[in-house]
Structures are given as C-alpha cells and as structure tokens.
Amino acid sequence: MASIGLLLVGMFTTTLGPTWTGKAEWALPYDLWGTLIATVRLVHGNVGGLYTQPTGLVSLPGAAIILLPCAAVIAAAGLSLQIPGPHNLHPPVWLLAGPYEIALCCVTLFAADALAEQLGVTKWKRGLLAVASAVALWNVSARWGHPEDAVAVGLLLYAVLALGRSRTALAGWLAGAAVCVQPLVLLALPMLLAPLPWRRMPAFLVRSALPSAVLLGVAALANWHATYTSVTSQPNSPVINHPTAWTSLAPHLSNTNVAAGPARLATIVLACCCALAVRRRWLAQAETAEGGSWPPSLLADVLWWAALALALRSFFEPVMVSYYPWPVLAVALIPAATLRWIRLVAASVLAGGLTAAAQGSSHSVWVWWVPLVIGLAGMLALSRPRVGHAADRSTELTPTASPETV
C-alpha cells in the first residue's frame, strides 16, 4: 500500500501537480535522464559510452543495469530522451520511466518491513514505518530520480537480514550487488563484517567485490579514460549543489567542480574504525547464535551502526545534494520501530521534516548544511536501540509454554 501510494503521489507531483499550480513545465527529476541515456547506450551495445557525456554517470555500472528493462522499451518504441526544459515541457518518456523507477525504489520499503518483522515489530508499527519510509523515499525517487541509491540501500538491508539468519554467503552476494549499483553502501559494509569470525571474512569480501570488479573491468576495457576519470574523481559542483564546511579542503577541478572521491575514502576509513570499536561485543553475540538467527538486539544494533556509517557521508561530504541524507533516514527508522511509540512517531516526523528541509535552495553552510547535520544527529539519537530492548520485546511476543500447560 505504501508503494502504491508513493507511485501515485510521485507521478502526481511531477506531472499534474505543477500544471495545477499554473506551471507549464512538469517538475521532473533531471538526474534520471543521464542514467537513462547511459542505459540506452548499453541496450545498443555501446559500453564505451557509459561514462561519456551527456550521461554524467559517476556511479558504478550497476546504476545503469537496473534500468535496462525500461531502456529496452524506450529504445524499441523510439522515444526521445531529450532533456526536459522550455523546449520539452512534457516528455512522454517520463510516463514510462517514472512509474518504473519509482516502483524500483520501493524495494527499500519491502526490505525495511522484512527486517522489522524479523525484529518482532507489531503490525501497526510496521505500518507507520512503511508510511514514514515512503515519505522519505519520495526525495530520492520522484524528486531527484536516483533509483540506484534506493536499490543499493534495499539490497544492503536484505544483506543484513541474510546475515541475521546466518546466511553469510547470500549476504555477501547481496552486499556485492548493492555496491555495484551505488558504492555509497561501502560505508555500511564494515558493519556487516564486524560480527563475522575472521575465517568468514575473506569469502564475504570476495563476494562483495566480485560483481563490481567484473562490471567495472568491462567498462574500463571499453573506455579506460572516461571510466577512470568518472569513478575516481567523483566531480560535484558547490555552485549548483550545496557547499559544506569541507568544500574548501577538496581538490578543485575544472568548471568550479570539486573532487568528492578523496573525502569519501576518508569516511570509509572512519566507518571501519567504528566497526572495530563494536566488533568484540557483536562477535560474542553472533558466535552464540551461530547456525541460527541473530538475537533481535544484535540485529537492531547493527542496523543503527549502519545508519551512523551512512550518515558520515552527510557529515564529511565536500558538496551535498538534497537526496544524500535519505539513506540515513531509511535505515535509522527500522531500529526506531523497535522502541516505544513516542520514539517511532518522533523519528517519523523528523524524517519527514528533514526530507522537506533538504529541498531548500540555500547555498549557505549555516542555513542549509548545519541544520541538516543536526537533524541527522537527532535522528540517530531517537533511533538508538536500548541494550536488550529488542530481545526483551521478542520474548514478550513469543511466550513459551510450561510443561504443566502441555
């Protein structure tokens, strides 16, 4: 129901909504067009054009691959991929690409609900979780058109669920699929490794790296220069998007762009340090449950630390875009659902407020970035699970019968 609601709201706010307010042009997510162009090139076998203009693609090839079914129909129907604007007010291709990419983003809603069910969350709380998650998901789907972010986070959540059920091999492949769609999930990968024994880590890392290595290798063979430049430099514009306190420290590129790649490597190192800090506590719980499901307290704790790791991107990114905070909200809402109603309601309201605030146009660090960082910190504080809380709740939900009763 949340997915259908998001689909209807997303298509309304991009098409009929603007026209009803007197605007001639549809409010479309321009970012999606570059990825669509890259995917249509793949449909035609032009792998070398994946990272050449005007695609603007800086993610790994999986971001284009997830759009292949839609791009195949676009190519077969001969639909134009002209960028929306004054000369293309109502592009027909959006009526096909829009529902497809919004529905694709909804994988996150199903993953979050599956985890909430595993944690023993009641149906009504899961309903609120679905609604709050769909509201936040509007940002990355209908507003900005980045289904790769949603798909990657959804696959990451399913990887956590697989780990919680002691299916390490499946978790490794799911994590690998998530990384090759959008590498932002690399920040959370150390949190998936931390509860694992050392002997299981090499196989998990191989599965996590193999899909990206294969796809990136094929793209590099087809066009080494364009692939290397786009993937390593990660250019972003503080003029078009939002500068942060770290913008002046980032390497400056041409056309007022800065390189976000070095800062992202630093945040991955910081995420690894966080994982090492909690590894000993998690390892003891995971080894106790080896061969069975993780205790809910461990699963909720891993999810919260994964949300913290994803928040590092917003805390230390040299240039921010409005949809960057979304992964934190998507993951943090799940452990919040294991807490009291007041905490879940507050977290849901805050998630909606941050989603709205992120759409602001200010380029002031103090007006846009600082309040957003404070809000994300508040979100993490509201969703922090209490030690043993989830486990206690699970026990309450599944009472055991005494021998006398039997």
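1. **Nonpolar patch.** Trp173, Val206, Leu210, Val214 and Val218 make a nonpolar surface patch of about 450 Å². Patches are built from residues with over 30% relative accessible area and no salt bridge; nonpolar side chains (Val, Leu, Ile, Met, Phe, Trp, Tyr) are joined within 5 Å, like charges within 9 Å. Accessible areas come from the Shrake-Rupley method with a 1.4 Å probe, and for residues only the protein chains shown count as cover. Helix 12 (residues 201-222) gives the most to this patch, with four residues. Trp173 lies in helix 10 (residues 168-181). Its relative accessible area is 41%, so Trp173 is partly exposed. Here buried means under 20% relative accessible area, exposed over 50%, and partly exposed in between (1.4 Å probe, protein chains only). Helices (H or I, at least four residues) and strands (E, at least two) are DSSP runs, numbered from the N terminus.

2. **Basis of the model.** This is a predicted model: local features need pLDDT of at least 70, side-chain atom pairs count only at pLDDT 80 or more, and totals for chains, interfaces and linings use all residues. Residues are numbered from 1 along each chain as its sequence is written, and side-chain values use heavy atoms, with hydrogens and water left out.

3. Glu148 deserves a look. It sits in helix 9 (residues 147-164). Glu148 is buried but has no salt bridge. A salt bridge is a side-chain nitrogen of Lys or Arg within 4 Å of a carboxyl oxygen of Asp or Glu. The nearest side chain of opposite charge is that of Arg313, 8.1 Å away. Lys and Arg count as positive, Asp and Glu as negative; His and the chain ends are not counted. What does the Glu148 side chain make a polar contact with? The partner is the side chain of His146, at 2.6 Å. A polar contact is a pair of N or O atoms within 3.5 Å; within protein, one must be able to donate a hydrogen and the other to accept it, and residues adjacent in sequence count only if both atoms are side-chain atoms. Leaving aside neighbours within four places in sequence, Glu148 is in contact (heavy atoms within 4.5 Å) with Ala63, Ile66, Val181 and Gln182.

4. **Salt bridges.** How many salt bridges does a search of the whole structure find? It finds four. Arg126 pairs with Asp113, with the closest N and O atoms 2.9 Å apart. This pair links distant parts of the chain, 13 residues apart: Arg126 is in helix 8 (residues 123-143), Asp113 in helix 7 (residues 107-118). Asp113 is partly exposed, at 25% relative accessible area.

5. **Glu317 and Arg264.** These two form a salt bridge, with the closest N and O atoms 2.5 Å apart. Glu317 lies in the loop between helix 15 (296-316) and strand 4 (319-320) and Arg264 in helix 14, so the pair ties together parts 53 residues apart in sequence. Both Glu317 and Arg264 are buried.

6. The side chains of Arg384 and Asp301 form a salt bridge (2.7 Å, N to O). Arg384 is in the loop between helix 18 (365-383) and helix 19 (389-397) and Asp301 is in helix 15, so parts 83 residues apart in sequence are tied together. Arg384 is partly exposed, with a relative accessible area of 26%. Asp301 counts as buried, at 8% relative accessibility. Salt bridges with shared partners join Arg281, Asp301 and Arg384 into one network.

7. **Helix 13 and its cover.** Ala226, Thr227, Ser230 and Ser233 are buried in helix 13 (residues 224-233). Their cover includes helix 12, strand 1 (235-236), strand 3 (258-259) and helix 14 (261-288). Just after helix 13, Gln234 takes a positive phi of about 50°.

8. **Leu192.** This residue lies in helix 11 (residues 189-193). Leu192 is buried, with a relative accessible area of 1%. Not counting residues up to four places away in sequence, Leu192 touches Leu156, Ala159, Val160, Leu163, Ala175 and Phe204. Leu192 and Phe204 are twelve residues apart in sequence and 9.5 Å apart, C-alpha to C-alpha.

9. **Backbone points to check.** A cis peptide bond joins Gln53 and Pro54, with omega about 10°. Pro54 is in the loop between helix 3 (31-43) and helix 4 (62-65). Ser166, a residue other than glycine, has a positive phi near 60°. Ser166 is in the loop between helix 9 and helix 10, and is partly exposed at 25%.
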